[in-house]
Amino acid sequence: MSIELTKNNNKPELIILIGMMGAGKTTIGRALARELKMDFLDLDHEIVRRCGVAIPTIFDIEGEDGFRRRETSVLAEVVEQKHLVLATGGGAVMREENRALLQKGRIIYLKADVDELFARVSKDTNRPLLQTENPKEKLRQLLELRAPIYSQLADVTVETGSGAITLTVRKLKDALKAR
Ligand SMILES: Nc1ncnc2c1ncn2[C@@H]1O[C@H](COP(=O)(O)OP(=O)(O)O)[C@@H](O)[C@H]1O
Ligand SMILES: O=C(O)C1=C[C@@H](OP(=O)(O)O)[C@@H](O)[C@H](O)C1
Ligand SMILES: [Mg+2]
């Protein structure tokens with residue numbers, strides 16, 4: 001099967017947020033969509049809605065592989081939508097097939113360092129990959145592996161520090177306008 005993909009950077013009908021767990025894809029994505037008067041969809045939430053069970057349950061029953069298959073299948077559908085801000089899950093960029101699908105949108109990399117990411121997600125039990133003895137080390141390893149991929153895919157990269165969420169949304173809007 002060959003997929004024909006065209007990328008139109010001047011007309012962001014589909015904005016896609018990528019980045020690590022805790023980067024703020026879900027939170028910032030929702031706020032950005034509201035600001036831009038676009039629809040919002042979170043890939044993880046859509047997977048959960050379709051399965052009827054939470055992400056840790058999908059990992060328990062089907063393993064990470066099962067989750068990734070579902071992720072690809074939902075991603076393939078939702079990238080066809082227009083007027084949409086799409087928040088992906090942090091690992092969605094790891095499959096070649098997904099990276100091709102992501103090219104349908106304007107890709108924004110939300111960047112944060114390990115300390116910041118850890119501070120944001122450490123109390124959340126909804127991320128099965130971090131249910132380990134040393135979740136900070138796991139975040140560090142995942143970041144090391146994924147950071148070059150996020151950077152390579154990104155049309156726009158926005159640093160999200162410890163500042164307010166509204167500030168990050170403003171930065172993002174400006175960055176989108178500037179391109
Ligand atoms: N820019 C930000 N500044 C401070 N806290 C943030 C920021 N972005 C997200 N958060 C907080 O971090 C947590 C994880 O954010 P979330 O949007 O779920 O990240 P992701 O979807 O990238 O994993 C949430 O509690 C959210 O309120
Ligand atoms: O980084 C990852 O591999 C994952 C990130 C999660 O989404 P967030 O990045 O929104 O936390 C979710 O898709 C799943 O737990 C796997
Ligand atoms: Mg999320």
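**Exercise 1. Find the order of the strands in the open sheet and how they pair.**

Step 1. Five strands make up an open sheet, ordered β2-β3-β1-β4-β5. The pairing is parallel. Strands (E, at least two residues) and helices (H or I, at least four) are DSSP runs, numbered from the N terminus. Two strands pair if DSSP finds at least two bridges between them.

Step 2. β2 (39-42) and β5 (156-159) are at the edges with a single partner strand each, so one side of each has no neighbour in the sheet.

Step 3. From one strand to the next, the twist averages 20°. Axes here are lines fitted to C-alpha atoms, for helices over the stretch in contact, and angles run from 0 to 180 degrees between N-to-C directions.

The model is predicted: local features need pLDDT of at least 70 and side-chain atom pairs count only at pLDDT 80 or more, while totals for chains, interfaces and linings use all residues. Residues are numbered from 1 along each chain as its sequence is written, and chains are lettered from A and ligands numbered from 1 in the order in which they are written.

**Exercise 2. Take β2 and β3: state how many bridges join them, then find the residue opposite Asp 42.**

Step 1. β2 and β3 (residues 84-87) run parallel and are joined by four bridges.

Step 2. Ala 87 in β3 stands opposite Asp 42.

**Exercise 3. Identify the strands touched by α1 and by α2.**

Step 1. α1 packs on the sheet and touches β1 (14-18), β2, β3 and β4 (106-111). Contact means that the C-beta atoms of two residues, placed from the backbone, lie within 7 Å. The direction of α1 makes about 175° with that of β3.

Step 2. α2 (residues 43-51) also packs on the sheet, touching β2 and β3. Its direction makes about 70° with that of β2.

**Exercise 4. Describe how α1 packs with α7.**

Step 1. Two packed helices are described by the angle between their axes and the distance between the axes. For α1 and α7, the axes come within 10 Å and cross at roughly 60°.

Step 2. Classify the angle. Under 35 degrees is roughly parallel, over 145 roughly antiparallel, 65 to 115 roughly perpendicular, and the rest oblique. α1 and α7 are therefore oblique to each other.

Step 3. The crossing of α1 past α7 is right-handed. A crossing is right-handed if the near helix is turned clockwise from the far one by less than a right angle, and left-handed if anticlockwise.

Step 4. On the α1 side, the contact holds Thr 27, Ile 28, Ala 31, Leu 32 and Glu 35. They meet Ile 165, Thr 168, Val 169, Leu 172 and Lys 173 in α7. By class there are six nonpolar, two polar and two charged residues. Nonpolar means Ala, Val, Leu, Ile, Met, Phe, Trp, Tyr, Cys and Pro; charged means Asp, Glu, Lys and Arg; the others, Gly among them, are polar.

**Exercise 5. Name the residues around ligand 2 and the helices that supply the shell of ligand 1.**

Step 1. Around ligand 2 are Met 21, Lys 25, Thr 26, Asp 44, Ile 55, Gly 89, Gly 90, Gly 91, Arg 127, Pro 128 and Leu 129. A residue counts as near a molecule or strand if its C-beta atom, placed from the backbone, lies within 6 Å of it. Four of the shell residues are nonpolar, four polar and three charged.

Step 2. Ligand 1 is surrounded by 15 residues, the closest being Gly 24, Lys 25, Thr 26, Thr 27 and Arg 120. At least two shell residues come from each of α1 (25-36), α5 (114-121) and α7 (165-178). α1 gives the largest share, four residues.
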